[in-house]
Amino acid sequence: MNVRTRFAPSPTGPLHMGNARTALFNYLFAKKEGGVFVLRIEDTDKERSSPEWEKDLLENLHWLGLEWDEGEGKEGPYNPYRQSERTEIYKEYLQQLLEQGKAYYCFCSAEDLEAQRQDQLSRGVAPKYKGTCRELSKEEQEKQLQSGKSAIIRLLVPEKTITFKDLIRGEIRFDMGLVGDMVLAKDLETPLYNFTVVIDDYLMKITHVIRGEDHISNTPKQMVLEEALGFPHTIQYAHLPLILGEDRTKLSKRHGDNSVTRFRKEGYLPEAVVNFLALLGWNPGDEREIFSLENLVKEFSMEKVQKSGAVFNMQRLDWINGSYIRQKSPKNLAELAAPYLPGVSIDAIEKVIVLYKERLRKLSEIGELADFFFKEKLEYPKELLKWKQYSDKDIEKALQTVEQILSLIPEADWTKEVLGEILLKEAEKIGDRGYLLWPMRVALTGKQASPGPFEVAEVLGKEKALARIKSAISMVRSNT
RNA sequence: GGCCCUAUCGUCUAGUUUGGUCUAGGACGUCGGGUUUUCAUCCCGAAAAUCAGGGGUUCAAAUCCCCUUGGGGCCGCCA
């Protein structure tokens, strides 16, 4: 069997981490099976869909490296892949259902229906359409239609039990008697989700529908529709566990901004996001934690997918991201970090960023951490220069010693190795390296925490380093 | 309220199919220590799950069966 999966988002908002994980699992499964990964845009909701969100979706999917084989920008044998361009196709099937009497026009007003639903809910009964218009004859329907009365199209849902085998959860059974006649379309030109999905998955020869657990209850509805349309039940379903917020409810806007764009802007690497998302609900069965997309494809198996929801754990993402940052080449890292140090050349960033490879959890941190390299004048409290219980006089002396030593080192020897050798020898004499090195480091960086003084001095260059030492000396001297 | 899904450290999870090797393993985070001029990296160590609870089957149960409870999802002319 030629496996075909699809990711079918609706462009009604930014691509968020939950969607991205669904896309990822569809991608992994398809690739693992040597199949095809389809991207279909489900923009039947004209009010909420927008090209802006579709663009966000495409961009972020590209960024994550989840390239689709068919769909927007790729074409494919089942064009078009955007539902708003498939209206004619849906219309035909709608008409067929209507003609066969498997679907009917419903003239109940939205207000009445809503009132009914509220009433049922308050009585503790399962909300369900009563089927008021179900008994209307074809002629009666036609007459009402002619009179211009607004109508929607419903499917005649039989009272039967629908069973399907979920790849992750096993057999799931639903009593359709509890569901009621579902709405297929607002009119012939405005089909709804549950209807278009069935048509497209069939037409596009989708073999595996991999989606969030929140779609479990849509599955029997879609299967009943398949039966009405005369489509065979060949689709295999796999309902993924939900990604949860700290409060263990479905991840949503309530939990803050979980858009992929947000993580991208904060300096998370796509390979880290992919790795993190894959481990949310899936594991390799052994103790490995770090996986490239390529390796995920090799290792992925649906049997290893978890059944219960997984809490989104930011610390874990940070850790994974840090580990990917440490693997990057300085050049590559510099390019990636450039947006966080505006106005600084890539070459300059590259020199600096090597000092931060071990310190970054996300790229955006570089701005605040390394800003002192690019400033003319450092601002920091005088007390920061203090090492242990040494007095101002001692600190001043230490800094002067450093200044003296540094000024004697020729430009050509201005490397962290030479600097370290000479300064360390001097510091050893005192028996407390920090006495010399702490004030020096603070003088150069103005920070409580930073890379070591020798490496910082090297990157800064002799002139700048000396100037900073001098300015620290005058700061200690002053009594302000 | 109805229907459906689900249940191992705070979190992500291994182990459940084929009961015994599990006095339950790893990772993140936390805490302590080492390296070190600071921070981070790296290394070492610790705390952390009476395997949701109860009952049963069995020589033996996290693993099999039953019940209960908790958590979640869905009940739209959204997707």
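## The surface near the RNA

Sorted by class, the residues of the surface near RNA strand B come out as 25 nonpolar, 19 polar and 20 charged. Keep in mind that this is a predicted model. In total, 64 residues surround RNA strand B, and Glu42, Tyr193, Ser308, Ala449 and Gly452 are the closest.

Which element gives the most to this surface? That would be H17, with five residues. Elements that each supply at least two residues include helix H4 (110-122), strands S6 (170-175) and S7 (183-187), and helix H18 (453-460). Strand S12 (310-311) and helix H11 (314-327) are also among them.

## A residue in S12

Is Val311 buried, exposed or partly exposed? Partly exposed: 13 other C-beta atoms lie within 10 Å, and a residue needs 20 or more to be called buried.

If you skip the neighbours within four places in sequence, Val311 is in contact with Leu244, Glu246 and Arg248. Gln83, for its part, is 228 residues from Val311 in sequence, and the two C-alpha atoms are 33 Å apart in space.

## An enclosed helix

Helix H9 (residues 270-278) is largely enclosed by the rest of the structure, because eight of its nine residues are buried. The buried set is Glu271, Ala272, Val273, Val274, Asn275, Phe276, Leu277 and Ala278.

What covers these buried residues of H9? The cover includes helices H1 (17-32), H2 (51-64), H8 (260-265) and H10 (293-299), along with H11. Helix H11 also turns up in the surface near RNA strand B.

## A helix pair

Helix H12 (residues 330-337) packs against helix H13 (residues 346-353) at about 115°, with the axes 8 Å apart. The H12 and H13 crossing is right-handed.

From H12, the contact uses Pro330, Lys331, Leu333, Ala334, Glu335 and Ala337, while H13 brings Ile346, Ile349, Glu350 and Ile353. That makes seven nonpolar and three charged residues, and no polar ones.

Note on methods:
Residues are numbered from 1 along each chain as its sequence is written. Chains are lettered from A and ligands numbered from 1 in the order in which they are written. This is a predicted model: local features need pLDDT of at least 70, side-chain atom pairs count only at pLDDT 80 or more; totals for chains, interfaces and linings use all residues. A residue is near a molecule or strand if its C-beta atom, placed from the backbone, lies within 6 Å of it. Helices (H or I, at least four residues) and strands (E, at least two) are DSSP runs, numbered from the N terminus. Ala, Val, Leu, Ile, Met, Phe, Trp, Tyr, Cys and Pro count as nonpolar, Asp, Glu, Lys and Arg as charged, and the others, Gly among them, as polar. A residue is buried if 20 or more other C-beta atoms lie within 10 Å of its own, exposed if 12 or fewer, and partly exposed in between; C-beta atoms are placed from the backbone. Two residues are in contact if their C-beta atoms, placed from the backbone, lie within 7 Å. Axes are lines fitted to C-alpha atoms, for helices over the stretch in contact, and angles run from 0 to 180 degrees between N-to-C directions. A crossing is left-handed if the near helix is turned anticlockwise from the far one by less than a right angle, and right-handed if clockwise.
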